[in-house]
Amino acid sequence: MEEFATLSYGGREVRLPVIVGSEGERAIDITRLRERTGLITHDPGFANTGCCRSAITFVDGERGVLRYRGIPVEELAAHSTFKETAFLLVHGRLPSPRELTRFSVLLNDHSLVHEDMKIFYQNFPRSSHPMGILSSMVNALRSFYPELQNLEEEVNVTVTRLLSKVRTMAAMSYKISRGHTVVYPRPDLTYCANFLNMMFSTPVRPYEIDPEVVRALNVFLILHADHEQNCSTAAVRLVGSARVNLYAAISSGIAALWGPLHGGANQAVIEMLAAIRGEAGGVRKALARARDPADPFRLMGFGHRVYKTYDPRAKILKEVVHGLLDRLRLEDPLLDCARELEEAALQDPWFVERRLYPNVDFYSGILLRAIGIPTNMFTVLFAIGRLPGWIAQWKESLEDPEGRLWRPRQIYVGPTERRYVPIEAR
Ligand code: SDX
């Protein structure tokens, strides 16, 4: 039965349809609000505004639930691979064995980067942040791979090209930034093993592939693969709504993810933990600074716009970190600091009443450190993980019958009309 909400304003009543989602979420459909009432809505940061109907990812922030195409992320982390999860997100179902083999072949066929792109890398200043390089290089891919006439082929080839090349491009930026020889992808290695080999193998010391490390990287990437309408996904949808090519839309998502309030938090967590560990009473001081409204300091890796309980991804990452450090017989003092900080914050009334819990970024940096990823590449790894989600969301927006150019309105609060004053009279 259809549901409605009634808006009373200016002596009139307007009935607005209520949309009911498959998990019972409800939204007031305001697509005709201005036309029927002259009113618009005001919602900074879109905390209360849905931008689309989506069938890709479901997040219940109150219960700490995250599902990709209906499958709980816990099950995918335990049983799937990143490649299979990418297929699930983009195509809406788990691949058959034949489809997975075909997908692997396509990823392998598209894993090389045009040799002329190496010159671009060599001309970035050595101090360039890998996220800035990645965003630029992904945008540059259109110049090397012009649009195919057939839209379906264009989408399918571009999707596979991006998923495969972004891994090679990330490893290339790392190697070239260190003046090392670029290591090419190998057809005999899986998606994650190939990335690790391209990152860490050298002509004089081949990288020894540890299945546990490959497993940990698969889980990391699976957990980062999509997260409904987060900031960078909204950027991809917004830029994509202008019908720009996929490379440019993804490049805008990489740029948004770079921010320390979003994907850049994983790097900021490590920098914060190192600073806390470096001073006496560091944990107590950090919590005090976070509570101080006059201090812009925030506890990085804590809090979330949607999760008002423990981020389910942080729970899994915390377990993976412990298992990996044990396996590698590594001690990371930052892990001890992270656990001390988490314990103190979860008992601090100020944090408890604001329902601030560890999010995906709190433990992810410690996992990446254990694997040997340099801190300034943590957000690049987040981008590699989020790529299938961005692509799936871009594809869905393209196919959305309600889809249109994104162009929000505003409430004007500037000066009312006034005359131009010639310079002589000022
Ligand atoms: C990601 O959206 C997604 O899905 C994102 C993501 C994904 O998968 O795509 O999950 C990935 O980006 C995770 C978030 C990573 N960012 C960080 O860890 C940075 C630190 N976190 C905060 O900056 C903050 O929690 C945000 C930005 C994540 C969310 O902020 P909101 O929802 O805008 O909340 P808010 O700024 O309105 O804060 C509400 C209150 C405020 O206090 P009061 O004004 O009520 O006194 O909570 C406080 C804030 O000061 N607060 C924090 C805090 N987060 C919120 N105080 C200290 N430390 C924090 N981390």
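A cavity is a set of points, on a 1 Å grid over the protein atoms alone, where a 1.4 Å probe fits but cannot get out; lining residues have an atom within 4 Å of a point. Grid points are joined across faces, edges and corners, and a volume is the space filled by probe spheres set on the points. By this rule the largest cavity holds about 60 Å³ of space.

This is a predicted model: local features need pLDDT of at least 70, side-chain atom pairs count only at pLDDT 80 or more, and totals for chains, interfaces and linings use all residues. Residues are numbered from 1 along each chain as its sequence is written, and side-chain values use heavy atoms, with hydrogens and water left out.

**Cavities**

- The count is 4 cavities of 30 Å³ or more.
- Leu 112, Val 113, His 114, Glu 115, Lys 118, Thr 168, Met 172, Val 182, Val 183, Tyr 184 and Pro 185 line the largest cavity.
- That lining splits into 7 nonpolar, 2 polar and 2 charged residues. Ala, Val, Leu, Ile, Met, Phe, Trp, Tyr, Cys and Pro count as nonpolar, Asp, Glu, Lys and Arg as charged, and the others, Gly among them, as polar.
- The second largest cavity has about 40 Å³.
- Its lining consists of Tyr 121, Phe 124, Pro 125, Arg 126, Ile 133, Ser 173, Ile 176 and Ser 177.
- By class, the lining of the second largest cavity has 5 nonpolar, 2 polar and 1 charged.
- Helix H7 (residues 151-177) gives the most to this lining, with 3 residues. Helices are DSSP runs (H or I, at least four residues), numbered from the N terminus.

**Ligand**

- Polar contacts are pairs of N or O atoms within 3.5 Å.
- A ligand oxygen is 2.6 Å from an N or O atom in the side chain of His 227.
- A ligand oxygen is 2.8 Å from a polar backbone atom of Gly 301.
- A ligand nitrogen is 2.9 Å from a polar backbone atom of Phe 302.
- Taken alone, the ligand exposes 1100 Å², and the protein buries 75% of that (Shrake-Rupley method, 1.4 Å probe).

**Domains**

- The protein is divided into domain 1 (3-50) and domain 2 (56-399). These bounds come from an automatic or database domain assignment.
- The centres of domain 1 and domain 2, taken over C-alpha atoms, are 35 Å apart.

Key. On a 1 Å grid over the protein atoms alone, a cavity is a set of points where a 1.4 Å probe fits but cannot get out, and a pocket is an open set with protein on both sides within 12 Å along at least five of seven lines; lining residues have an atom within 4 Å of a point. Helices (H or I, at least four residues) and strands (E, at least two) are DSSP runs, numbered from the N terminus. A polar contact is a pair of N or O atoms within 3.5 Å; within protein, one must be able to donate a hydrogen and the other to accept it, and residues adjacent in sequence count only if both atoms are side-chain atoms.
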